[in-house]
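Please open the model in your viewer and keep the sequence panel beside it, so that each selection below can be made by residue number.

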Amino acid sequence: MLNITVRNERESDFREVEILTRKAFWNVHVPGCDEHYLAHVLRGHEDFIPELDFVAETEDGEIIGNVMYTKARLVDENRNELSILTFGPISVHPDYQRMGISRKLLEFSFDRAVKLGYKAIVIFGNPANYVSRGFKSCKKYNICAADGSCPAAMLVKELVPGTLDGKKWLYQESLAYRFEKSDAEKFDGYFEPMKKEFRPSQEEFYIHSHSIIRD
């Protein structure tokens, strides 16, 4: 079994993490990717949580995984707010995928998040990748997106059981995840050229990201 260490990202890791993230996401969701630019801009946003920014490092000092967290909010029907978390990007180098790296990053970060006082996480992702980590459909927790819908890809995990207590909640994602595509394309020009291609995973991503759960 691969022996890795999970630790906080350091400033000296930034470029290596961006290269890793680019390799992990290239052609997965769309031809090319912009997750490496997202990693770059998140670090400077007020909602970014450096204490929950972790890398997975091999014994040889190679960074092969990373997860980043930001603050988010849930608002109930009485306009009460609950500060929660979201994470992403979460990246594992293609040579090390399906080896338990993301699981180790998540379990380590969940433990740290609880110690920091956070009680719930909402993400957008493929359910097949996260239900084994304790995530459930947003519908199960009566949480909806800003437009009132329940996206199939919106998943929820209570870090502290009972936190969401059956109320109806509206999820408000951090503005940190909004950026101009043109800025991401310009940023990508500073990296080694990689060919943009179609892959079946892109259609799978499209289906998940456009599916809504209804009663």
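Select Arg79, which is exposed with a relative accessible area of 72%, where exposed means over 50%, buried under 20% and partly exposed in between, computed with a 1.4 Å probe on protein chains only. Arg79 sits in the loop between β3 (63-76) and β4, and its phi is positive, about 65°, although Arg79 is not a glycine. Helices (H or I, at least four residues) and strands (E, at least two) are DSSP runs numbered from the N terminus. This is a predicted model, in which local features need pLDDT of at least 70 and side-chain atom pairs count only at pLDDT 80 or more, while totals for chains, interfaces and linings use all residues. Residues are numbered from 1 along each chain as its sequence is written, and side-chain values use heavy atoms, with hydrogens and water left out.

Next, select Arg98, in the loop between β4 and α3 (101-115); Arg98 is a residue other than glycine with a positive phi, near 60°, and it is exposed, with a relative accessible area of 88%.

Then go to strand β4 (residues 81-92), where Pro89 is found, and display the peptide bond joining Gly88 and Pro89, which is cis with omega about 0°.

Centre the view on Ile121: leaving aside neighbours within four places in sequence, its contacts include Phe110, Phe135, Leu155 and Leu159, contact meaning heavy atoms within 4.5 Å.

Finally, which residues of α1 are buried? Val17, Glu18, Leu20, Thr21, Arg22, Ala24 and Phe25 are, and the buried residues of α1 pack against α2 (35-42), β2, β3, β4 and α5 (181-188). If you place a distance between the end C-alpha atoms of α1 (residues 14-25), the value is 17 Å, which agrees with the 16 Å that its 12 residues should span at 1.5 Å a residue, the expected span being 1.5 Å times one less than the number of residues. After α1 comes Asn27, whose phi is positive, near 65°.
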